[in-house]
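Please look over the structure shown here before reading my comments. They are written for someone new to this kind of file.

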Amino acid sequence: MRIAALAAAGLVGALTLTACGSGAGDDGHTATATPSSTVGGGAAPSSSAAGSGVTGASDKLQGSWLTTSGGTIVALVINGKQAGIFATGGTVCSGTAGAESGMQMIHLTCSKGSKDRSTGMVDSVDGKSMKVTWSGKVGQETYTKAEGGKLPSGLPSPGQR
């Protein structure tokens, strides 16, 4: 029950970020994604998050994405070109996400100085899941899309991989 409460708290934080406008107004637009769309190559992203080269927002990346990693719940939220991560234990990161040199990239700066998820390359994304390879020690993570403020089914509990 405690895990569900933590997941709900993380989702509330994530949904709060998506409610923050990017100045474009609240038009109710929802992004659609093409299933099994593979983006980017197999190479790991560079470890330099400085000077984000994100040139445009990607509809495929939009939304709230959840995973568990090392016993923590991680919410990745992408709204326009803005991105943020909220993890149980207090990790908060913000930055950009979108198209960069023909790939889909995420560049984040964390409030506690963590570099675990500073630069991520989106390996694949569809309407239900997204795989991101992070340049830090986290490596590859698979996120499940949260729809309508509800936790996705099949989300692994902390400790499972």
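The points below go from the whole chain to single residues.

1. Basis of the note. This is a predicted model, in which local features need pLDDT of at least 70, side-chain atom pairs count only at pLDDT 80 or more, and totals for chains, interfaces and linings use all residues. Residues are numbered from 1 along each chain as its sequence is written, and side-chain values use heavy atoms, with hydrogens and water left out.

2. Secondary structure. The protein chain contains one helix and nine strands. Here helices (H or I, at least four residues) and strands (E, at least two) are DSSP runs, numbered from the N terminus. The order along the sequence is α-β-β-β-β-β-β-β-β-β.

3. Surface and interior. Of the 161 residues in the protein chain, 37% are buried. Buried means under 20% relative accessible area, exposed means over 50%, and partly exposed is in between (1.4 Å probe, protein chains only). The chain exposes about 8,300 Å², and carbon and sulfur atoms supply 53% of that area. Accessible areas come from the Shrake-Rupley method with a 1.4 Å probe; for residues, only the protein chains shown count as cover.

4. Contacts along the chain. Take the contacts (heavy atoms within 4.5 Å) between residues at least 6 apart in sequence: 53% of them join residues at least 24 apart.

5. The disulfide. The structure has one disulfide, meaning a pair of cysteine sulfur atoms within 2.5 Å. C93 and C110 form this bond, with an S to S distance of 2.0 Å. The pair links distant parts of the chain: C93 is in strand β5 (residues 91–100) and C110 is in strand β6 (residues 103–110), 17 residues apart. The torsion about the S-S bond of C93 and C110 is about 90°, so the disulfide is right-handed. Both C93 and C110 are buried.

6. The salt bridge. Side chains of opposite charge can pair when their charged atoms come close. The structure holds one salt bridge, defined as a side-chain nitrogen of Lys or Arg within 4 Å of a carboxyl oxygen of Asp or Glu. R117 and E141 make this salt bridge, and their closest N and O atoms are 2.8 Å apart. This pair also links distant parts of the chain, with R117 in the loop between β6 and β7 and E141 in strand β9, 24 residues apart. R117 and E141 are both buried.

7. K145 belongs to strand β9 (residues 140–146). Its side chain reaches the backbone oxygen of Q62 at 3.0 Å.

8. An exposed lysine. Is K115 buried or exposed? K115 has a relative accessible area of 62%, so K115 is exposed. K115 lies in the loop between β6 and β7 (119–125). K115 and K137 are 22 residues apart along the chain, and their C-alpha atoms are separated by 8.2 Å.

9. A buried tryptophan. W134 sits in strand β8 (residues 129–134), and its relative accessibility is 2%, so W134 counts as buried. The side chains of W134 and Y143 are joined by a polar contact of 3.4 Å. A polar contact is a pair of N or O atoms within 3.5 Å; within protein, one must be able to donate a hydrogen and the other to accept it, and residues adjacent in sequence count only if both atoms are side-chain atoms.
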